[in-house]
Amino acid sequence: MIPNEKEILVTRASMPSYEEFIAEIKPIWETAWMTNMGEFHDRLKDQLKEYLKAENLLLFVNGHMALEMALQAMNLTGEVITTPFSFASTTHAIIRNNLTPVFCDIREDDYTIDADQIEALITDKTTAILPVHVYGNVCDVDKIESIAKKHNLKVIYDAAHAFGVEVNHRGIGTYGDASMFSFHATKVYNTIEGGAVTFKDPSLEILLNYLKNFGITGKESVEYIGGNAKMNEFQAAMGICNLRHVEDNIEKRRLVTERYREHLQGVSGIRLNAIKQGISQNYAYFPVSFDGFELTRNQVYDLLASHKIFARKYFYPLITDFECYRERFSDLELPCARRAADSVLTLPLYADLPLEDVDRICEIILSAAKKGKQSV
């Protein structure tokens, strides 16, 4: 690495001021109520329902447990069609519910599941589709809904990347039977750790509340095999604070994203994230596909790291190539997903990233490419 250069991480958590958070949590010392769905938990739940335009919403300790328990509550069996181009959590949640993932390839323009290929994967064992909104890009929700209705399938969205995104002013969490949101520290909006499920059927609320509290249904009654997935009061308080600032943070992310585009749009061998009409963006990530560029994705990654700039190969490897799944799934034909896994690099993006740092990142990439051309 080059000494004395400024370190830039791929992401940085958005936080309220110290004073704001301390003032928010002060009442916890008066009540000593730190978990088990207290006042802060309930306030945040109501605020998020309004912000996400969702009629039904429950909070969880993290996004993974939210997804895992949403699947459990659906009482699914057999096969679930999903994408290999996602974080490990998506497939893990399927497997841990004793379900079989069936992997569908992705679209090259926005990295979401290719809805045109879903129907060919449906069998008499298929009970659900679990698509992923990737980098804030929205799946083809209308086509997926049509397929699900035709074949009587449940649709559970992994919306970990899609907080606040809307399609024609409709909250993304209102599509499908349920959607999971992640509030991890690295996300657009965070509760330190945390997550939520939005859902269509209001009767699921009682069951999900039982499942996230060990399956306990009464003082002396445990009717379900549940877990401990409750969001605590400190997480909820952080979420209440961060929700006050989320629109400002999204606007700051927009400025960072536009600065990247000013430098990289139209550069040969670089493909940027697709922008679609009618969809509000949350600027969650800045994925760049290096395909035909003077440097490979891995060379760009190493070059930036040598300057203490830490981008991320996100998602690499494909889920089907994980050690725990390789023997079962690595021989599948998923050409678009594999190209994306081998070519996409997410560049640093967070609300407080200075624009001059964006300039520096792009200058390093483009200057190296020029040197490469000159040496040929």
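**A predicted fold, residue by residue**

Visitor: Which residues does A70 touch, not counting residues up to four places away in sequence?
Guide: Contact means heavy atoms within 4.5 Å. Residues up to four places away in sequence are left out. On that basis, A70 touches V197 and L208.

Visitor: What kind of model is this?
Guide: Residues are numbered from 1 along each chain as its sequence is written, and side-chain values use heavy atoms, with hydrogens and water left out. Local features need pLDDT of at least 70, side-chain atom pairs count only at pLDDT 80 or more, and totals for chains, interfaces and linings use all residues; this is a predicted model.

Visitor: Which helix holds A70?
Guide: Helices (H or I, at least four residues) and strands (E, at least two) are DSSP runs, numbered from the N terminus. The one with A70 covers residues 63–73. That is helix α3.

Visitor: Is A70 buried or exposed?
Guide: Buried means under 20% relative accessible area, exposed over 50%, and partly exposed in between (1.4 Å probe, protein chains only). A70 has 4% relative accessibility, so it counts as buried.

Visitor: How many Å apart in space are A70 and H307?
Guide: In sequence, A70 and H307 are 237 residues apart. In space, C-alpha to C-alpha, the value is 42 Å.

Visitor: Where does G164 lie, and how many Å separate it from N282 in space?
Guide: G164 sits in the loop between β5 (154–158) and β6 (166–167). Its relative accessible area is 22%, so it is partly exposed. Beyond four places in sequence, G164 touches Y51, L52 and S280. N282 is 118 residues away in sequence, yet C-alpha to C-alpha the distance is 6.5 Å.

Visitor: Which residues is D321 in contact with, leaving aside neighbours within four places in sequence?
Guide: D321 lies in the loop between α9 (297–306) and α10 (326–329). With a relative accessible area of 19%, D321 is buried. Its contacts are R326, S330 and R338.

Visitor: What is the radius of gyration of the protein chain?
Guide: The chain has 12 helices and 14 strands. The radius is taken over C-alpha atoms, and the globule rule is 2.2 Å times the number of residues to the power 0.38. For 376 residues the rule gives 21 Å, so the chain is as compact as a globular protein of that length, with a radius close to that value: 21 Å.

Visitor: How many residues, in %, count as buried in the protein chain?
Guide: Among contacts between residues at least 6 apart in sequence, 71% join residues at least 24 apart. Of the chain's 376 residues, the buried share is 53%.
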